[in-house]
Amino acid sequence: MTVFSVWLFRTLRNHWKKSTLAACVLSYGGYWLYGKHCDSVLRREACQLARVIWTPADPNNLFEKNAAPILHLAGVEITVVKTDYEGQAKKLMELMEQTDMLIVAGGDGTLQEVITGLLRRPDQAAFSSTPIGFIPLGSHNSLSPSLHFLSDNKVKDITAATLSILKGETVPVDVLQIKGEKEQPVFALIGLRWGAFRDVAAKISKYWYLGPLKTNAAHWFHTLKVSLHHC
């Protein structure tokens with residue numbers, strides 16, 4: 001055993017707490033770097049595949065990193081419109097002109113707003129043949145399992161959905177219409193939620209700093225603000 005090995009062994013034994021902490025930090029850092037490397041490999045592979053696909057045609061960094069480069073490399077001319085508040089997508093659909101394809105990069109809420117905005121238009125029949133692509137970026141993406149296989153990797157899901165759009169892979173989806181006596185009709189694809197539970201679901205992301213307790217915290221604070229009778 002060399003002198004350096006003896007010195008290293010004694011140092012680790014005498015400072016075992018610091019050594020254990022350093023090993024944990026290094027292990028976590030290595031795992032984090034490996035995850036970033038895998039994400040980069042997925043993006044590069046998707047971009048290389050997109051070069052041979054020439055299908056005519058989120059306030060979110062995930063879209064800019066993972067989906068936008070693939071669309072540009074495929075030669076697709078896109079106009080990105082970012083929404084700033086809930087309900088804006090419906091208003092944007094009222095003003096949108098005819099297009100070759102409409103891509104929704106978001107979650108269930110954004111997709112529902114787009115569908116509702118399109119089908120409320122007086123000329124909605126003109127958009128009935130316009131394909132709608134969906135890139136799952138939201139916290140809830142209930143439609144994604146019906147369109148393509150989901151994994152536990154967000155980057156892989158986004159790139160796979162983008163490539164499916166470029167390949168022209170389409171799936172017919174039924175639309176649910178809910179009519180009231182006075183209000184305009186509401187449209188949905190998977191389901192429709194309203195009331196107290198829906199209000200709480202919209203606020204869960206505000207308590208991100210509570211980790212796994214954020215859902216419970218959202219329900220608890222909402223209960224304190226609104227009476228049970230009202231709910």
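This is a predicted model: local features need pLDDT of at least 70, side-chain atom pairs count only at pLDDT 80 or more; totals for chains, interfaces and linings use all residues.

Trainee: How many helices and strands does the protein have?

Mentor: One begins by listing the elements. There are nine helices and four strands in this protein. Read from the N terminus, their order is α-α-α-α-β-α-β-α-α-β-β-α-α.

Trainee: What share of the residues is buried?

Mentor: A residue is called buried when its relative accessible area is under 20%. Of the 231 residues in the protein, 28% are buried.

Trainee: Is T162 buried or exposed?

Mentor: The relative accessible area of T162 is 0%, so T162 is buried. This residue belongs to helix α7, which covers residues 154–167. Beyond its neighbours within four places in sequence, T162 is in contact with A67, I70, L71 and I135.

Trainee: Which residues of helix α9 are buried?

Mentor: Helix α9 comprises residues 214–225, twelve in number, and extends 17 Å from its first C-alpha to its last, close to the expected 16 Å. Its buried residues are A217, A218 and H222. Viewed down the helix axis, the buried residues of α9 lie within an arc of 125°, and therefore they line one face. What covers them includes helix α8, residues 196–201. On the other side of α9, the residues N216, W220 and L224 are exposed.

Trainee: Which residues make the nonpolar surface patch?

Mentor: The accessible surface of the protein is about 16300 Å², and 59% of it belongs to carbon and sulfur atoms. W208, Y209, L210 and L213 make a nonpolar patch of about 480 Å². Of these residues, L210 is located in the loop between α8 and α9. Its relative accessibility is 32%, so L210 counts as partly exposed.

Trainee: How many salt bridges are there?

Mentor: A salt bridge requires a side-chain nitrogen of Lys or Arg within 4 Å of a carboxyl oxygen of Asp or Glu. By this rule there are two. In one, K82 pairs with E64, their closest N and O atoms being 2.9 Å apart. Because K82 lies in the loop between α3 and α4 while E64 is in helix α3, this pair ties together parts that are 18 residues apart in sequence.

Trainee: Which residue does R121 meet in a salt bridge?

Mentor: R121 meets D123, at 2.9 Å from N to O. R121 counts as buried at 12% relative accessibility, whereas D123, at 35%, counts as partly exposed.

How values were computed: Residues are numbered from 1 along each chain as its sequence is written. Side-chain values use heavy atoms; hydrogens and water are left out. Helices (H or I, at least four residues) and strands (E, at least two) are DSSP runs, numbered from the N terminus. Buried means under 20% relative accessible area, exposed over 50%, partly exposed in between (1.4 Å probe, protein chains only). Contact means heavy atoms within 4.5 Å. The expected span of a helix is 1.5 Å times one less than its number of residues. The arc is that of the directions from the helix axis to the C-beta atoms. Accessible areas come from the Shrake-Rupley method with a 1.4 Å probe; for residues, only the protein chains shown count as cover. Patches are made of residues with over 30% relative accessible area and no salt bridge: like charges are joined within 9 Å, nonpolar side chains (Val, Leu, Ile, Met, Phe, Trp, Tyr) within 5 Å.
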